[in-house]
Amino acid sequence: MEYRQGHYLALQKAAINGDWDKAREIIELEPDAVRTHITPTLQTALAIAISSGSAGRNRFVRELLEKMTPQDLVVVVDNYGRTALFEAVWIDNMEGAKMNKQVALRQSARLWLRTFFSVAREVCVVLIESYCAVRQRLPFMIWEVTEKLVHYCLLKKKMIFTVPHVKRIREKKERQHNALELVKFLCMEVAKLDLSKVERIFKPALRNAARVGIPEIVEEIVLSYPSALFFMDLGGLDIFKYAILYRRERVFNLIYQTDHAGKRFIFAEDFSLINGLHLVARLRHEQQINLKASAAGAVLQMQREVQWFKEVEKFTLPGAKERRNSDGMTPAEVFSDTHQDLVKEGERWMKDTATSCTIVSALIATMVFAAAITVPGGNDGKNGIPLLSKRKAFVIFGIFDAMALFSSITSVLTFLLILTSRYAEEDFLYTLPKRLITGLITLFVSILSTMVAFGAILYLVFGDNKAWILVPVVALASVPVTLFGALQFPLLVAMIKSTYGRGIFGKQSDRVLR
């Protein structure tokens, strides 16, 4: 159905942003706008404001209700048959529900009974209606801008700051900024067109931006035309499910800018009874390509997959977690079935790494224990005190030899825990990475301490109080330490960042999309 979107687009944006002053100007010119459907899904300004995440939401709803009749709250519904009160309860906006209830209680019992059964039916079954628009080629101008912006974003990710090409970097950022400004202008112009033209232009652009992972384009399109957030392809996939399918966390993070309304995008099911949790549980070719690009190694890849599953699970209703798809499988069963090979590969890598590191740690423990009981320089025959105990180098030897022994034994025990782990899917989230981090750090400390202890003994025995002896000793002792650090440091940093870092999910902007 074509609607006067150019006329009501300003009211729609005002409802999303909680801008009552702007909305009041529009309503004063057209009083019936308070009960008019202003989106393709037949939502009113009240329903949009209730589901908005803006700070001025409650004031907007309160002022708008004063201009509406009790009949409007029960009779006016969207294309799913949902009232504004249902929308408030559905997204857990209790303040909006209370304000709706105070007005709607004046209605007859018959209308409330009808509303009750409508709400119950909606809660039990979520109906999905996909837009079946003809796919046509995106107009040349906006498509060129989209491709260029993709190119600039990829260049931005590949920038290496080893050489201070400040001018070149600034030029690239200016190009990206100019491209975004052009996209913003084009989006505002496209939003003024008819509904069929808007869908034909914006739908492919949204899909491509979500698939490649460019949240800037998605954000500008939705801000210029808020109803684009509900655009779906013929398979019932919206932009957030595209982000899940192609593992684009930056696009998925836009769901945090939709407040409670974002939940509906995850638990909505397609024709195969697949919801967002089923979708993130699958591991197919398109997911593997992006997964290998974002995480190196089977362990980090498996950890990233579990992180994705847990994140999408936060937006899923409890009942949807056990919902079975057309194959009769729950999301957890789909996850276990499609990740078997990745789990086996991660288990094999962890065991091979733990076995090799255990051998090294055991050798270090054996050496430093033997060095501790075989005191350099001998002991005093009368009291058994080492003859060189008063020398500073001997004290350094004793301290670092003990550190090497304790850290190497700790490393051995940690790697033994890795070898005896059960290797369940959830173990790759925290348990196994934490053990590997602890084992590698203690192994590095034991190697470093061994080298310091050995250098102290060399200086003690052969140095003869000559300071220049320290130069070759320190240089030679630094070789194995530096070599181990250079080889294992990238893996260690990546694992620490992935396990203890701020994470890849979360709100990235304060701009309200819905």
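Predicted model: local features only at pLDDT ≥ 70, side-chain atom pairs only at ≥ 80, totals over all residues.
Helices here are DSSP runs of H or I with at least four residues, numbered from the N terminus. Most residues other than glycine have a negative phi. Arg247 is also buried, since its relative accessible area of 5% falls under the 20% limit.

With a relative accessibility of 5%, Tyr423 is counted as buried.

The protein contains 23 helices and zero strands. Of its 514 residues, 48% are buried. When contacts between residues at least 6 apart in sequence are considered, 76% of them join residues that are at least 24 apart. The protein exposes about 26300 Å², and carbon and sulfur atoms supply 60% of that area.

An unreviewed UniProt entry carries the annotation "transmembrane region" for residues 354-373, 393-419, 440-462 and 468-493. Two of these annotated spans can be described from the model. Residues 354-373 are 100% helix and 0% strand, with 29 Å between the end C-alpha atoms. The span 440-462 is also 100% helix and 0% strand, and its end C-alpha atoms lie 33 Å apart.

Some residues of helix α21 bring the surface into view. Val395 has its place in this helix, which covers residues 392-419. Together with Ile399 and Met403, Val395 forms a nonpolar patch on the surface. The accessible area of the three residues together is about 250 Å². Val395 itself counts as partly exposed, because its relative accessibility of 42% lies between the limits of 20% and 50%.

Helix α19 gives a view of the buried side of a helix. In this helix, which runs over residues 331-338, Pro331, Val334 and Phe335 are buried. These residues lie on the same side of α19, because they cover an arc of only 100° around the axis. The packing partners of the buried residues of α19 are α16 (276-281) and α18 (298-314).

Charged side chains provide another set of links. Side chains of opposite charge can pair when their charged atoms come close. A search of the whole structure finds 14 salt bridges. One of them joins Arg24 and Asp21, whose closest N and O atoms are 3.3 Å apart. Both residues belong to helix α2 (residues 20-29), where they are three residues apart, about one turn of the helix. Arg24 is partly exposed, with a relative accessible area of 33%, and Asp21 is partly exposed as well, at 37%.

Arg511 takes part in salt bridges that reach across the sequence. Its salt bridge with Glu219 has closest N and O atoms 3.7 Å apart. Arg511 lies in the segment after α23 (470-500) and Glu219 in helix α12 (residues 215-224), so this pair ties together parts that are 292 residues apart in sequence. Arg511 is partly exposed, with a relative accessible area of 35%, whereas Glu219 is buried at 11%.

Glu220 also forms a salt bridge with Arg511, and here the closest N and O atoms are 3.6 Å apart. This pair links distant parts of the chain, with Glu220 in helix α12 and Arg511 in the segment after α23, 291 residues apart. Glu220 is buried, with a relative accessible area of 11%. Elsewhere, salt bridges that share partners join Asp21, Arg24 and Arg59 into one network.

Key:
Residues numbered from 1 in each chain as written. Heavy atoms only, no water. UniProt positions renumbered as here; feature names shortened; annotations may be inferred. Helix = DSSP H or I, 4+ residues; strand = E, 2+ residues; numbered from the N terminus. Buried < 20%, exposed > 50% of the residue type's maximum accessible area, 1.4 Å probe, protein only. Arc of directions from axis to C-beta. Contact = heavy atoms within 4.5 Å. Patch = residues over 30% accessible without salt bridge, like charges linked within 9 Å, V, L, I, M, F, W, Y side chains within 5 Å. Areas by Shrake-Rupley, 256 points an atom, 1.4 Å probe, with all protein chains shown as cover. Salt bridge = Lys/Arg side-chain N within 4 Å of Asp/Glu carboxyl O.
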